[in-house]
Amino acid sequence: MAKTPIKQLGYLGFGVSSLADWEKFAEDVLGLTIAKRVDSGFSLRMDSYAQRFFVLETGRDDLEFVGWEVEDAAGLEDARERLKRAGVEVEDGSAEEIALRDVEALIRFRDPNGIPVEIFYGPKMGEGSFSSPLVKGGFNADSLGLGHLVISTPNRDKSRDFYIEVLGFGLSDHIICDLGGFQVNVAFLHVNSRHHSLAMGGPMEKRVHHFLLEVKSIDDVGSMLDRVERARLQVVQGIGRHPNDRMVSFYAHTPSGFQFECGFGGREIDVDGWEPTVYDHISEWGHRFQPPRKPKVAK
Ligand SMILES: [Fe+2]
């Protein structure tokens, strides 16, 4: 199959119920900075790109849209043709959407899960070099994309096959195991040398299970975990290492109830010589589920 025109996971849009909580979380816990404010919310910067996350007040507390970047107009047309051949309805982004995302052009469609997906080229780069006030070593993003996204799907195989056969994503591997009585079956896909930019599991209440931010220093993982605990957010899984992407990470709740993962040391792969495998465990060590945080008792 022809190589995917998609270069990287460019941006994510979250629809939230409390912009104030998300602003505090993004700045004081994640160490991102506000890029731009609009009537419905704000966008966030993490690296050389002007905007990586759009946080909009919709009340849904879920993933609102996903943006994948292609190189240029030819890449956009390649993606459009692939989608049309597969019978997917594709629309051009409106002038308003293009202005909000600050890209040259975008098309949009819904994936087999009903998730709004945008494909774009020509994102605006941020002014000056980025440095996070809290994540001292910075984020491992830029040409690798913002991190990764794990979505829930009513039919994982159908969704996996759509991203591979229609859009040309590569299969990295599967993890299939029993996790304390819960059947895990997750497919991991790549578009560049990041081990996975998208992964998908079975059906869940929200569209998104978690998104990952990768930092360049293990100390920044620990510092972020300290900030999560100070902010009294729920840590879902403590520090551990995954066998497939080798990431050392922890998981915690965002203010919207879905999770984020903060990790360090994820492997990069050679996409041309890659052979997918199946793992029968989700962690090499750690990632222990944490008990629910006790409510603060007023004195
Ligand atoms: Fe992850």
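**Exercise 1: two helices**

In this predicted model, find how the axes of helix α1 (residues 19-30) and helix α5 (residues 218-230) cross, and which residues meet.

*Solution.* Start with the general idea: a packed pair of helices is described by the angle between the axes and the distance between them. Here the axes of α1 and α5 come within 9 Å, and they cross at roughly 140°. That angle makes α1 oblique to α5, because only angles over 145 degrees count as roughly antiparallel. Next, look at the side that α1 brings: Asp28, Val29 and Leu30 meet Met224, Arg227 and Val228 of α5. Sorted by class, this contact has four nonpolar residues, two charged ones and no polar ones.

**Exercise 2: the iron ion**

Name the residues that coordinate the iron ion, and work out whether His210 and Glu261 are buried or exposed.

*Solution.* First, pick out the donors: His148 (NE2), His210 (NE2) and Glu261 (OE) coordinate the iron ion at 2.0 to 2.1 Å. Along the chain, these donors follow the spacing H-x61-H-x50-E. His210 sits in strand β13 (residues 208-215) and Glu261 in strand β16 (residues 259-264), so this pair ties together parts that are 51 residues apart in sequence. Now for accessibility: buried means under 20%. His210, at 5% relative accessibility, therefore counts as buried, and Glu261, at 1%, counts as buried too.

**Exercise 3: a proline**

Locate Pro295 and decide whether Pro295 is buried or exposed.

*Solution.* Go to the segment after β18 (285-286), where Pro295 is found. Its relative accessibility is 68%, so Pro295 counts as exposed.

Technical notes: Residues numbered from 1 in each chain as written. Predicted model: local features only at pLDDT ≥ 70, side-chain atom pairs only at ≥ 80, totals over all residues. Heavy atoms only, no water. Donors = N, O, S within 2.8 Å, 3.2 Å for Na, K, Ca; no water. Helix = DSSP H or I, 4+ residues; strand = E, 2+ residues; numbered from the N terminus. Buried < 20%, exposed > 50% of the residue type's maximum accessible area, 1.4 Å probe, protein only. Axes fitted to C-alpha atoms, helices over the stretch in contact; angles between N-to-C directions. Parallel < 35°, antiparallel > 145°, perpendicular 65-115°, else oblique. Contact = heavy atoms within 4.5 Å. Nonpolar A, V, L, I, M, F, W, Y, C, P; charged D, E, K, R; others polar.
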